[in-house]
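Have the model open alongside the text.

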Amino acid sequence: MEQIKWAANRMPKSEDKQLSIMALENVAKARNFHQSFPQYSVTPLAQLQKMASVLGVGDIFVKDESYRFGLNAFKVLGGSFAMARYIAKQLGRDVADVDYNYLTSPELKKDFGQATFFTATDGNHGRGVAWAANKLGQKAVVLMPKGSTKTRFDNIAAEGAAVTIEEVNYDECVRRANALAEKTEHGVMVQDTAWDGYEEIPAWIMQGYGTMASEAAEQLKAAGVDRPTHIFIQAGVGSLAGAVQGYFANLFPDNTPTTVIMEAQAADCLYKGAVACDGNPRIVDGDLQTIMAGLACGEPNTLSWEILKNHSSFFVSCPDWVSAKGMRMLGAPCKGDPQVISGESGAVGMGLIATLMESDDYKELREKIGLDKDSRIIMFSTEGDTDPENYRKVVWNGDHPSK
């Protein structure tokens, strides 16, 4: 069985210029925007008290994004806010003046016209962009990497987007989508991968993700937890991880919780950067074969990397069995705990926490992270069963066993 790999963060710190992307006032603007949507509601924060007791930690909280806007995943938060900020900038307005009602009004057509939003996706982000474009009367073009599932393809097509599955990996899809956007009149690339010269929209997407972190912080407080001791957050390109890390670093600047960044082992570019320990990002190429499709990204977001290397505590490279274990545990919880339907890219935190607490093979990492009976942990289940067939194979049939 493949082993979990890990690295403590010993990278040299930089000037931390990107932390301001996730300043509390920026996240508040994003949340106000999302609250203008008639589909908006705060997603649940599941408290797994019995599970925590069985594993020997103080508390486990799971932010359940399967309820987000009826789309079964959190990604729409980023794409929709980036679109709003792009439109606001084109019109010379503040995003506070560009709410859902305005964006869906005849006035917008008169003021702005119509743009075509291009993106690459393994499923959730593209569906969010397509959904937002559809609701706002805009166009969307979505490229998916080879191996993408029919269910995820169909969900995007159902939102009216032009969608194709390319015979290349995710990172190459990003390049192709960007080339198309550059050749198209009123074409706009909406991607959470940043590179030199393409940083504004990824920063806006990260701010959109901040709505989820902001809700979670309020929900923790309502549950009697002023500050979590540990945050477990998964990473593909790292935008979500950077957004969550950045938000909590701004919220608790003097005592940021211990943050564990988790990646699929087939695409562990952040972990490799942490191992190299020189502060520079690393790239993983090839087919990036993993059940964690949402994390199958080999080229890090440069903005997020800056935040993560300055503030995160540990980088962990997880084989597929870790996620599968988490899916089963969340789907069949201890009696009395709420069930969380968590997909392959959402459940890796649960699988990792359980493995660290149950197996002395990882005693050193458990002790370094400081997991014990006083730990109050939050993780983010970023998607539900977005691939229902594979979900059943894992949860019902026991695919990718941990023993």
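How many aromatic pairs does the structure hold? There are 15 aromatic pairs in it. Please keep in mind throughout that this is a predicted model.

One of the pairs is worth a visit. F37 and F69 are stacked, with 5.4 Å from centre to centre and 20 degrees between the planes. This pair links distant parts of the chain, the two residues being 32 residues apart. F37 sits in the loop between α1 (24–35) and β2, while F69 sits in the loop between β3 (59–64) and α3 (76–91).

Now to the sheet. Seven strands build an open sheet with mixed pairing, and their order is β1-β10-β9-β8-β11-β3-β2. At the edges are β1 (5–8) and β2 (45–47), each of which pairs on one side only. From one strand to the next, the twist averages 20 degrees. Within this sheet, β9 (residues 258–264) and β10 (residues 314–318) run parallel and are joined by five bridges. To find one of these, look for E263, whose bridge partner in β10 is S317.

Helix α10 brings us from the sheet to the helices. It lies across β8 (230–234), β9 and β11 (376–381), and runs at about 160 degrees to β8.

| Helices | Angle | Axes |
|---|---|---|
| α10 (residues 239–251) and α12 (residues 302–311) | about 50 degrees | 8 Å apart |
| α1 and α9 (residues 200–222) | roughly 90 degrees | within 8 Å |

With an angle of about 50 degrees, α10 and α12 are therefore oblique to each other. Their crossing is left-handed. On the α10 side, the contact is made by S239, A241, G242, Q245, G246 and A249, and on the α12 side by S304, I307, L308 and H311. By class, the residues of this contact are four nonpolar, six polar and no charged.

How are α1 and α9 oriented, roughly parallel or roughly perpendicular? Their axes cross at roughly 90 degrees, which makes α1 roughly perpendicular to α9. Here α1 contributes N26, V27, A30, R31 and H34, and α9 contributes Q207, G208, G210, T211, S214, E215 and E218. The residues of the contact of α1 with α9 divide into two nonpolar, seven polar and three charged.

Methods:
Residues are numbered from 1 along each chain as its sequence is written. This is a predicted model: local features need pLDDT of at least 70, side-chain atom pairs count only at pLDDT 80 or more; totals for chains, interfaces and linings use all residues. Side-chain values use heavy atoms; hydrogens and water are left out. Axes are lines fitted to C-alpha atoms, for helices over the stretch in contact, and angles run from 0 to 180 degrees between N-to-C directions. Helices (H or I, at least four residues) and strands (E, at least two) are DSSP runs, numbered from the N terminus. Angles under 35 degrees count as roughly parallel, over 145 as roughly antiparallel, 65 to 115 as roughly perpendicular and the rest as oblique. A crossing is left-handed if the near helix is turned anticlockwise from the far one by less than a right angle, and right-handed if clockwise. Contact means heavy atoms within 4.5 Å. Ala, Val, Leu, Ile, Met, Phe, Trp, Tyr, Cys and Pro count as nonpolar, Asp, Glu, Lys and Arg as charged, and the others, Gly among them, as polar. Two strands pair if DSSP finds at least two bridges between them. Rings of Phe, Tyr and Trp (its six-membered ring) pair if their centres lie within 6.5 Å; planes under 30 degrees apart count as stacked, over 60 as edge-to-face and the rest as tilted.
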